[in-house]
Every structure is written in structure tokens, then in C-alpha cells.
Amino acid sequence: MLYGLAIVLIPLFLGYLFKVGKGKLQVVNQVVNICLYLILFVMGISLGQLDDIGSKLPQIGGIALGLSLIIQFSNIIGLAIYDKWQPMVREEVNPQEIPSRWVMLMDSFKLIGTTIAGGVVGFVTKGILDFPLHASTYVLEVMIFGVGIQLRNSGIPLREVFFNKRGIYTSLVMIVSSLVGGVIAALSLDLSIVQGLTFASAFGWYSLSSVLVNDAWGPIYGSIAFFNDLSREIFCLFTIPFFMRAFPSTAVGLGGATSLDCMLPVIQKSGGTQVVPLAISFGFIVNLVAPLLLALFIGLAG
């Protein structure tokens with residue numbers, strides 16, 4: 001558990017120490033993006049080099065789909081109740097300004113395609129090339145260091161993040177409802193409770209969960225974690241605009257860790273500027289909690 005915490009939190013907080021200009025920040029953004037694709041490619045290679053991989057694909061897809069549906073449905077119930085209990089007033093915006101869902105879907109498909117490409121390479125080179133053990137972990141550390149720099153240079157003081165009451169409450173509801181969903185999914189999908197909690201703890205941060213789970217339990221479970229968390233991003237392209245009008249906290253909360261980055265434009269355009277502080281506060285907190293919970297539950301699984 002301590003190892004898992006160290007490889008995530010140390011580079012995250014080291015990165016947070018750096019205040020950089022716009023030019024350097026653009027370079028950091030590019031490095032983070034490259035690291036993401038490298039991680040998925042390496043994970044695909046590991047998956048492709050498994051014995052009898054063809055028979056394992058239905059298992060991966062079935063469990064990932066079940067996890068995704070159960071956990072996100074649990075999120076919807078919990079967050080919708082909170083929205084009704086504590087309604088939020090925000091400004092209306094023109095829904096035509098929402099970024100193209102198809103463009104964002106293509107980005108998600110690129111991630112899936114990268115993993116598939118890695119799988120093909122791994123399958124073809126099986127028995128010929130051996131890739132370094134835990135190679136994706138080293139790339140992950142570089143990426144999280146960059147994420148720390150991004151968080152520091154987001155322009156939002158920590159005080160505003162941690163003292164945004166609605167952001168705190170939304171993150172708590174989302175985290176608890178995810179863990180409840182993870183337990184239900186574990187009981188439904190013949191997983192251990194700790195495994196269910198682990199899969200529920202990344203909140204859409206697929207590059208983090210896929211590496212940590214892959215290192216702990218192997219490429220099959222790493223792939224399940226990846227597709228489970230990636231599906232949240234795809235799901236949110238359609239549900240954020242749908243829920244934003246009557247359930248703004250639900251719309252933001254469903255984005256999970258992605259509410260701080262790739263889903264933020266969708267949130268802003270569909271919910272207005274008043275929702276942005278909520279999204280940033282919520283996303284920041286969830287991004288800090290996710291590695292802690294992942295390391296905790298993976299450590300408990302032994």
C-alpha cells in the first residue's frame with residue numbers, strides 16, 4: 001500500500017511545487033498526453049502477450065460493462081438525491097455551444113485504439129520480445145508529475161478548492177455512492193469486495209487505475225479497470241448536458257476525475273460559468289482522493 005501511495009503522491013506533490021509560464025505549461029500538457037498513450041500502448045502489449053487471450057476478452061468486456069453500469073447508476077441515485085435536497089441555482093446557456101460529442105467520442109476511441117494496437121504488437125512479438133517489467137509505472141510517474149504541475153497552474157487557489165462547500169459535498173456523495181456501487185458490483189459479478197471497491201475508486205482516472213491494477217493483479221484486471229473508467233468519460237458526453245438543467249451536481253459528479261480536465265468544457269458550456277468553480281473544486285478533490293483509495297484497496301487485497 002505504501003508503495004502504491006508513494007509512486008502516485010510523491011510525483012503529484014513534487015509537480016505541484018512548480019509554477020510555470022504558459023509556454024512551458026503547453027509542453028507539460030503535451031508530455032502528459034504522450035504519457036497517457038504510452039501507458040495504454042504498453043498495457044495493450046502486456047494484454048496481447050497473455051496466453052489464450054481470445055477466450056479472456058469476453059470476460060474483460062462483461063465485467064467492465066457490469067462495473068460501469070452499476071457504479072454510475074449508483075452515482076446518479078446518490079447525486080440526484082443531493083441535488084433535490086440542496087438545489088443549486090445557476091445561469092442558463094445556449095446548448096448549441098456545447099462542444100461536439102462526436103469529436104470527443106473520437107478522442108475516446110483513439111485511446112481504445114491505442115490499447116488495441118498495443119495488444120496486436122504484444123501478440124505478434126510474444127516469445128520474441130520481453131518488455132521491461134512495470135514499464136508503464138515509470139511512465140505513470142512522469143505523467144502524474146505533469147498532472148501536479150497542471151493542478152498548480154490551474155489558477156485556482158487551494159483555499160477556494162477546499163472551502164467550496166458544494167464541491168466538497170458533491171465529491172463526498174460521489175465517492176460514497178461509487179464505493180457502494182463497487183460493493184454491489186462485486187456481489188453481482190463474482191468479484192471480491194476489495195476488488196469491487198478498487199474498481200470503483202479511480203472515478204474515471206483510467207490511466208491511473210489501469211497501471212496500478214495491472215501491476216497488482218495482471219493485465220486482465222488492468223484492462224477491466226481501463227475500460228470501466230474510460231466508459232465514464234464516454235457516458236458523460238451525453239449525460240452531462242442531459243442532467244445539467246435540473247441536476248447540476250449530478251452532471252458534474254458523473255464526470256468524476258475528468259470533471260477537472262476533458263469534461264470541463266462540456267460542463268462549462270452546458271451549465272454556465274457558475275458551475276465551473278464547483279467542477280474544479282470537485283475534480284481537484286476527487287483527483288487527490290482517487291490514488292489514496294486505489295493504493296489502500298489494492299494493498300488490502302494483498
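Trainee: What separates tyrosine 82 and tryptophan 85 in helix H3 (residues 53–85)?

Mentor: About one helical turn, because these two residues sit three residues apart in helix H3. A helix here is a DSSP run of H or I with at least four residues, a strand is a run of E with at least two, and numbering starts from the N terminus. Before we go on, note that this is a predicted model, where local features need pLDDT of at least 70, side-chain atom pairs count only at pLDDT 80 or more, and totals for chains, interfaces and linings use all residues. Residues are numbered from 1 along each chain as its sequence is written, and side-chain values use heavy atoms, with hydrogens and water left out.

Trainee: How many aromatic pairs does the structure hold?

Mentor: Ten. One of them joins tyrosine 16 and phenylalanine 284, with 6.4 Å centre to centre and 85 degrees between the planes.

Trainee: What makes that pair edge-to-face?

Mentor: Rings of Phe, Tyr and Trp (its six-membered ring) pair if their centres lie within 6.5 Å; planes under 30 degrees apart are stacked, over 60 edge-to-face, and the rest tilted. The 6.4 Å is within the distance limit and the 85 degrees is over the angle limit, so tyrosine 16 and phenylalanine 284 are an edge-to-face pair. This pair links distant parts of the chain: tyrosine 16 is in helix H1 (residues 2–16) and phenylalanine 284 in helix H13 (residues 276–301), 268 residues apart.

Trainee: And why is the pair of tyrosine 82 and tryptophan 85 given its class?

Mentor: Their ring centres are 6.3 Å apart and their planes are at 65 degrees, so this pair is edge-to-face too.

Trainee: Are tyrosine 82 and tryptophan 85 buried or exposed?

Mentor: Buried means under 20% relative accessible area, exposed over 50%, and partly exposed in between (1.4 Å probe, protein chains only). Tyrosine 82 has 6%, so it counts as buried, whereas tryptophan 85 has 62% and is therefore exposed.

Trainee: What makes arginine 152 sit over the ring of tyrosine 16?

Mentor: The rule asks for NZ of Lys or CZ of Arg within 6 Å of the ring centre and within 35 degrees of the ring normal. Arginine 152 lies over the face of tyrosine 16, at 5.8 Å from the ring centre.

Trainee: How many cavities of 30 Å³ or more does a search of the whole structure find?

Mentor: One. The largest cavity has a volume of about 40 Å³, lined by residues including Leu67, Ile71, Phe199, Phe203 and Arg232. H3 gives the most to that lining, with four residues.

Trainee: What makes a space a cavity, and a residue part of its lining?

Mentor: On a 1 Å grid over the protein atoms alone, a cavity is a set of points where a 1.4 Å probe fits but cannot get out, and lining residues have an atom within 4 Å of a point. Points are joined across faces, edges and corners, and the volume is the space filled by probe spheres set on them.

Trainee: Why is serine 74 called buried?

Mentor: Serine 74 in helix H3 has a relative accessible area of 13%, so it falls under the buried limit. Not counting residues up to four places away in sequence, serine 74 touches Ser177, Val180 and Gly181, where contact means heavy atoms within 4.5 Å.

Trainee: Where does glutamine 274 lie, and why is it called partly exposed?

Mentor: Glutamine 274 lies in the loop between helix H12 (264–271) and H13. Its relative accessible area is 38%, which falls between the two limits, so glutamine 274 is partly exposed.

Terms used
On a 1 Å grid over the protein atoms alone, a cavity is a set of points where a 1.4 Å probe fits but cannot get out, and a pocket is an open set with protein on both sides within 12 Å along at least five of seven lines; lining residues have an atom within 4 Å of a point.
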